[in-house]
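Here is a short briefing on a protein model.

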Amino acid sequence: MKEDEVNRCQIQEWYPKFKSISIKTEIHHLPESFIDYLLDDKGPFLLPLSIEDNDALPNRIHNSEDEAEEEGYEGTEDESETPPSTPSFPELEMKVKESIQSLGGSVFPKLNWSSPKDSAWISTTGNLKCSSFSEISLLFKSSDSLTHDLCHAYDSCSDKTISRPHIFVLALRKWYPSLRPEMEFRCFVKNHALVGVSQREITTFYPSLLEDKNVLKAAIQTFFLSNLKGKFESERYTFDVYVARDRIRLLDFNPWGAFTLPLLFTWGELEDEIGGDEFQFRIVENRLGVRPGLKTAVPQDYTDTSLGSGWDEFMRKANVEFQQQINAGEAGA
């Protein structure tokens, strides 16, 4: 993988060229102060001070100095640290507010490459639907997956010369509440040819996809040949699409390999075995073919099952208590 291939997949790079076949999006350059805010993990969890008193979420998730005074707390002489000031980004917030209004009132936010999918659990809606700057800030500040964009985007590049992109952007994409997850597909291009297509939502079996498999395969191939072949400069890449009744929409581009998920394929297959004129179209064809989820909707502590993790300790204690109940029952008998 080359730096150029990674750079081409940034939304601010490809969207202007392919906006007519994609989802309506507005893009804003992020000030360095906002990036510093996202990367700061040493202080208390603060949300930016809003330019509006009636913003959708509270500005702070901790008691401020003023709140402490209202509660009668005077502090001690030993306290020497200055309370952190609440961050504020009024210019960015105003631009975001205008974009949200122009996009229908709700948006799906992302950085250059990634969206904060792992922090959807913390939102009031349980997904990435945002209607205010505060909601976007909460998702971004709570996300670990965005660390990829901020710090590790070029880690897999063989010609790595930089550690981060020259600019960071906030992409606000129009929110569509009625999108069906089974109609989203990831497509794999090698040597400028479409070699594979995979259902993206691989945690569920959708019988309707079996009925429409051949139609979907032909439609995606036609879309690629008409809109992308020879127009996206990389020789190898992936792209995501949403198939609606009347059209196909381009959702995203991702580099070939590395951090991009191959879903129902493996990168070994795609690299060495799959190619030629006929591409493979893969869906979950029965309930036995369902794959585990990506575990991105809840905190890491909830999903980490490794030795010594929170779940590991929980299961050990549960097993001990269960065995004690068995032993108590046998003794009582």
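**Charges over rings**

- Lys217 places its charged end over the ring of Phe279, 5.3 Å from the ring centre.
- A charge counts as over a ring if NZ of Lys or CZ of Arg is within 6 Å of the ring centre and within 35 degrees of the ring normal.
- The charged end of Lys141 sits over the ring of Tyr37, 4.6 Å from its centre.

**About the model**

- This is a predicted model: local features need pLDDT of at least 70, side-chain atom pairs count only at pLDDT 80 or more, and totals for chains, interfaces and linings use all residues.
- Residues are numbered from 1 along each chain as its sequence is written, and side-chain values use heavy atoms, leaving out hydrogens and water.

**Aromatic pairs**

- The structure holds 17 aromatic pairs.
- Rings of Phe, Tyr and Trp (its six-membered ring) pair if their centres lie within 6.5 Å; planes under 30 degrees apart are stacked, over 60 edge-to-face, and the rest tilted.
- Phe34 and Tyr37 form a tilted pair, 5.7 Å centre to centre with 45 degrees between the planes.
- Phe34 is buried, at 2% relative accessible area.
- Buried means under 20% relative accessible area, exposed over 50%, and partly exposed in between (1.4 Å probe, protein chains only).
- Tyr37 is buried too, at 8%.
- The ring centres of Phe224 and Phe239 are 6.0 Å apart and their planes are at 10 degrees, so this pair is stacked.
- Both Phe224 and Phe239 are buried.
- One aromatic cluster includes Trp14, Tyr15, Phe224 and Phe239.
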